[in-house]
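I opened a notebook page for this protein and listed what to look up. The entries follow in the order in which I made them.

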Amino acid sequence: MRLLERNNNSEFSLTKDFGDDIPQYAILSHTWGADTEEVTFRDLMDGTGKSKAGYDKIRFCGEQARRDGLQYFWVDSCCIDKSNSTELSEAINSMFRWYRNAAKCYVYLSDVSKPAFDIGYKSNLLPWESALQKSRWFTRGWTLQELIAPESVEFFSKDWEQLGNKASLERHIREITGIPVKALQGSPLSNFSVTERMLWTEKRETTRKEDKVYSVLGIFDVHMPLIYGEGGKKALKRLREEIDKASKGIKYEDFFIPFSLSNISGIEHFVAREEELAEMHKTLSSDGGRRTVVLHGLGGIGKTQLTVAYAKRHKDNYSAIFWLNIKDEDSVKQSFAKVARQILRAHPSASRLSSVDMKQNLDEVIDAVKSWLSLPDNTRWLIIYDNYDNPKLASNMDPAAVDIRKFLPESYQGSVIITTRSSQVRIGHRIRITKLEDLRDSLEILSNSSSREGIINDPDAVRLAEELDGLPLALATAGAYLHQVAISFADYHRLYKELWVKLQKTSPELSSYEDRTLYSTWQLSFDHVEHRNGLSAKLLRLWAYFDNQDLWFELFRHSDSEDPYWIRELAEDELSFHAAVRVLTDHGLVEVDTSSQEWIESRGYSMHGCVHSWTIHVLNQEWDYDLARVAVKFVGSHVPGEQSVRPWLSQRRLLQHAARCSYIVLNGLVTDNGMAWACHKLGLLYANQDKLDEAEKMYQRALQGYEKAWGPDHTSTLDTVNNLGLLYASQGKLDEAEKMYQRALQGKEKAWGADHTLTLMTVNNLGLLFADQGKLDEAEKMYQRALQGKEKAWGPDHTSTLDTVNNLGILYADQGKLDEAEKMYQRALQGYEKAWGPDHTSTLMTVNNLGSLYTDQGKLDEAGRMCERALQGYEKVLGSEHISTLNVVDTFGSLYAKLGNLGKAETMYQRALQGYESTFGLKNVARYQPALNTIWNLGNLFATQGHLDEAKEMYLRAYTGFQALLGPSSDKCQRLERKLTSLDPLQGTNYSRWTGAGAEVVDIVLEDNAKKKSRSVVGKIVRKFIKMKF
């Protein structure tokens, strides 16, 4: 390879042949003009080329290389001595490699110009984009490899103006050429079939017919001598022969079997799995030895269809492809008989096979086929062993298990694909096939199988696809049903939830999934599991009463003598539990949870949602009330107490199981007798995770159970009454909360006395409520009573004492006693850090309170540090959407407002409110004081910015909420009236006309906001109140 070298006076000259030591260089891609216009090798040698039109292209390439810091460049018209046939042949066979190795490839488009301004052009495309689509460059044969081979391809107009590069113009190039994006992005060309690559050349032309073939030698990675004059057809014939030799071996014709999958049902439009297909192809690219891929995964996950897609895509790489069904020995032997007939049809005189009686002795047939596959030079075959779901393993004692080694050819050659549900097949390179992660792929399967187009924006279709969770069999089954029945996606989803078994039994069979349906496909795996380990089969049945995600060992440690013996055996120790689960993972029914979240106990196991539905509706066709009771008991028992280490980790982990248990409880699927405690625990869990509606339902169920079992004044009943008070306070239902607290307080004083610590808990909670109601003097009396009693009972540093200290700090801050508030907060913080550590939620709550206080005091640097610490801690512990986190976000809003950064202040408020609205709902936010305070602050923000209409809307919304909660004569309502009057003096103070029945007007405002899609309203944060639960 010789190059052009630029010298100091901007001239250039040819270098010597560099051999293998080639420096970095740029390379030009262009379309040739008339022969008289192009600068040739001889012109450069004679110094006569500067007058030719083509010289400008060479000069452009040299100048652009200089700008890119490259001294050398290459141009095909003048760097090859075409008078030397040997050099020309070597150059053409090396051309793809030369373009691939170039540091830069410049595409010079002589028929595209880029005007400086495109004023007045009305098309959706710029003028140069229209010209690009029509450019001659995309029609020429040689430019195909010049587009695909280099990593860096830059496009320039005839004016030397850069138009873009291969990445930025990818959409245009794809539309013009039809070449897949993966090929443009550098994916190995061997990933694309010969037929597909041939299609890329179909509409391209060359001056000489033979060059249409010679220009794509690199595209197919073959070499062949050039014979100009042989014609295009003969050149193409030789190219195909070279491709076959490279892909199938020199003697492939001696072993060639026409490709056929006549007995295998495939999918017309195969979706996704490009990474798996690429990994399969890379693994099976043979170096002459045996290459084996094992596809393992859940039944219905699409292993067989993936294999069909691979075989179709890469059929040109193999001399023969054979398909064997190895679900049992009879099936695989019959498959070998079919293979033998395939071979004999193509090669009637095949040794051994021609003399074997196909009907009498199948073992001889198998040996004969294996011998033919082991012949020297017969190395390019592919055998697919499908449905190897009952493999002979040391752990599998089933006498019907199949030993695949008996059916593999002896010689170490060829390629093998095995599909299996078992994760224990370890013959070759294992690829685990999992669900489709991209929802768009699921929707594409639904669309194809249902023949319903445009569903990607259909919310009902999206919800159904989410329910089926990327399982191809489930998606194809749903699509086939929808294709035949005139119902909507929403109707199918409803039937799937309500009538699962009947729906699956009446769904059409899918030819692409053999004789298996969603109803029956996992029965085979279950039978194997039950044969191997009865405990594993029982665990699978029990799983129906939990959520499908994340079941772990410690959750089962609450078993007692009332439970079935096998459950106690399962939970005896970790080894027993993992041994039972391992059998399920071996069969693909269960997988190890691989999420990256932090655990404090052992890692769990999960199953696909469709398999979980099958366990519910098939394995538990008769509902087992005893197993339901076990599940509710285990989950309730595992709810962490306040003394637990990092309880939030366990709380988050239990939520999905709590949802399943709540469904069981609320639908009467477990006996109520003796389950009130579990309902109470579930209520605690929900309340701590801000699932307030769910918490209320569980507390109410617990209260009913306790009152029925123990009476209205029993201490357990009163505990639930107290917690309902906490819940109602959180929901803004302050009257209901006060009734609960007063009932709990009277009962506890009667049962335990006025100074008992449990009585003092409710006293503390009443203080919180009075503070919420604006009754600050009454609140202070409650706090002082609670504080004195706790200090006497537990001492000044007990965490319960510190809770009341913190609450007093909040009260003093609300009263404007900022110095006293700071003292309380500092005392609480020091005590929490000592007792709980710096990252506990109680510690972080007080840190946030200090941040808010420092903001009010104008100590903005200290406020910033506190807020940052609290936000990072809450996001780590509780997540970004938890109310405690949102409270800190809101405090940041107040801080930014104090700093005068109103844009960031509004952003923080908006983020906080969106979280509040998501948690409580648009209407219920009006009953939540922290949100109302923020709405007020947002009104202040808008007023400062001069957005008076928006400020008025915020003030009115806050006023309406406080009027309903605290009454129109409350201090907050009076202050808001003054705010509103300042914005609209003519209105006066008659706000009853504005607010009407209070909540009704709020509904109107919310409705109007929803219609206008106006900015979300945010609430100023009130510091997090401690809610004592026991």
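**Hairpin E6–E7**

I started with strands E6 and E7, which form a hairpin with five residues between them. In the turn, Trp 160 has a positive phi of about 70°. I noted that E6 covers residues 153–156 and E7 residues 162–165, that the two run antiparallel, and that three bridges join them. Strands count as paired if DSSP finds at least two bridges between them. Opposite Gln 162 in E7 I found Phe 156. Elements here are DSSP runs numbered from the N terminus: helices are H or I with at least four residues, strands are E with at least two.

**Basis and confidence**

I wrote down that this is a predicted model, in which local features need pLDDT of at least 70, side-chain atom pairs count only at pLDDT 80 or more, and totals for chains, interfaces and linings use all residues. Residues are numbered from 1 along each chain as its sequence is written, and side-chain values use heavy atoms, with hydrogens and water left out.

I looked up pLDDT, the predictor's confidence in each residue, from 0 to 100. Its mean over the protein is 87, and 93% of the residues reach 70 or more. A contact means heavy atoms within 4.5 Å. Where pLDDT is low, the predicted coordinates should not be read in detail.

**Overall**

I counted 44 helices and 14 strands in the protein. The C-alpha atoms fill a box of roughly 110 × 85 × 55 Å along the principal axes. Of the 1030 residues, 55% are buried; buried means under 20% relative accessible area, exposed over 50% and partly exposed in between, with a 1.4 Å probe and protein chains only.

**Helix H13**

I then checked H13, residues 303–313, where eight of the 11 residues are buried. Among them are Leu 306, Val 308 and Tyr 310. The buried residues of H13 pack against helix H12 (274–284) and against strands E8 (291–296), E9 (320–325), E10 (381–386) and E11 (415–420).

**Leu 555**

I looked up Leu 555 in the loop between helix H22 (534–543) and helix H23 (565–570). Is Leu 555 buried or exposed? Leu 555 is buried, with a relative accessible area of 0%. Leaving aside neighbours within four places in sequence, its contacts are Phe 546, Phe 634, Val 635, His 638, Leu 654 and His 657. Ala 631 is 76 residues away from Leu 555 in sequence and 9.4 Å away in space, C-alpha to C-alpha.

**Cavities**

I searched the whole structure and noted two cavities of 30 Å³ or more. A cavity is a set of points on a 1 Å grid over the protein atoms alone where a 1.4 Å probe fits but cannot get out; lining residues have an atom within 4 Å of a point. The largest has a volume of about 80 Å³, and its lining includes Asp 389, Arg 532 and His 587. Volume is the space filled by probe spheres set on the points, which are joined across faces, edges and corners.

How values were computed. 1 Å grid on protein atoms, 1.4 Å probe; cavity = no way out; pocket = protein on both sides within 12 Å on 5 of 7 lines; lining within 4 Å.
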